[in-house]
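Please walk me through this structure in the viewer, one selection at a time. I would like to know what to pick next and what is found there.

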Amino acid sequence: MTTISLRIEFGGGLELLFSNEKRHTLTLPSMVSFDNNSKISADALSGVNLKPADVEYLVFYLRDHLLQERPELFIEGKTVRPGILVLINDTDWELEGEGEYVLQNNDEIVFISTLHGG
């Protein structure tokens, strides 16, 4: 199965939820479970309905594999919670199709919290 390499960055305080690390490099399968189950190993994907890895899947993958605490501060439903800016290769994800954007090898995805206490 082919894989894709991604650069992930967190800012605006989100890095605190991800082991206080701003930058991560991930290798994901290019085809993933249609239901975004990121806990299925690549070997177990045969016979499972597949789709190209997209940002929606990435959000679930980050929650299941890198998020250390308080998932409600990162994810809401099937997407990031309101107040989190998502950039795909320096472009607002709204211009790229949001969660439906199909990830490409060497993409850079940035998550920035715009919410601040006060």
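**Stop 1: charged pairs**

Select Arg-63 and Asp-64, whose side chains form a salt bridge with 2.8 Å from N to O. The model on the screen is a predicted one. Arg-63 is partly exposed because its relative accessibility is 30%, which lies between the limits of 20% and 50%. Asp-64 is also partly exposed, with a relative accessible area of 24%.

The count of salt bridges comes to 5. For the next of them, select Lys-51, Asp-54 and Glu-56, which are linked in a network of salt bridges. Lys-51 and Asp-54 have their closest N and O atoms 3.1 Å apart. From Lys-51 to Glu-56, the N to O distance is 4.0 Å.

Now color these residues by accessibility. Lys-51 and Asp-54 are both buried. For Lys-51 the relative accessibility is 11%, and buried means under 20%. Glu-56 is partly exposed, since its relative accessible area is 22%.

**Stop 2: the sheet**

Switch to a cartoon view and look for an open sheet of 5 strands with mixed pairing. Its strands follow the order β2-β1-β9-β7-β8. At the edges are β2 (23-29) and β8 (91-92), each of which pairs on one side only. Helix α1 packs on this sheet and touches β1, β2, β7 (84-88) and β9. The direction of α1 makes about 115 degrees with that of β2.

Next, select residues 3-11 and 107-113, which are the strands β1 and β9. These two strands run parallel and are joined by 6 bridges. Which residue of β9 is the bridge partner of Glu-9? Val-110 is that partner.

**Stop 3: the nonpolar core**

In soluble globular proteins, nonpolar side chains tend to be buried together. The largest nonpolar core in this model has 31 residues. Select Ile-8, Leu-58, Leu-62, Phe-74, Leu-103 and Phe-111, the members that touch the most other members. Two or more residues of the core come from each of β1, β2, α1, β7 and β9. Which element gives the most to this core? α1 does, with 7 residues.

Stay with Leu-103 and show what surrounds it. Leaving out residues up to four places away in sequence, Leu-103 touches Ile-4, Leu-6, Leu-28, Ala-53, Asp-54, Val-55, Leu-58 and Ile-109.

**Stop 4**

Most residues other than glycine have a negative phi. The last two selections have a positive one.

Select Asn-36, which is not a glycine and has a phi of about 65 degrees. Asn-36 sits in the loop between β3 (31-33) and β4 (50-52). Is Asn-36 buried or exposed? Asn-36 counts as buried because its relative accessibility is 4%.

Then move to Arg-70, in the loop between α1 (55-65) and β5 (75-76). Its phi is near 50 degrees, again a positive value in a residue other than glycine. With a relative accessible area of 44%, Arg-70 is partly exposed.

Terms used:
Residues are numbered from 1 along each chain as its sequence is written. This is a predicted model: local features need pLDDT of at least 70, side-chain atom pairs count only at pLDDT 80 or more; totals for chains, interfaces and linings use all residues. Side-chain values use heavy atoms; hydrogens and water are left out. Helices (H or I, at least four residues) and strands (E, at least two) are DSSP runs, numbered from the N terminus. Buried means under 20% relative accessible area, exposed over 50%, partly exposed in between (1.4 Å probe, protein chains only). Two strands pair if DSSP finds at least two bridges between them. Contact means heavy atoms within 4.5 Å. Axes are lines fitted to C-alpha atoms, for helices over the stretch in contact, and angles run from 0 to 180 degrees between N-to-C directions. A nonpolar core is a set of buried Ala, Val, Leu, Ile, Met, Phe, Trp, Tyr and Cys residues joined through side-chain atoms within 4.5 Å.
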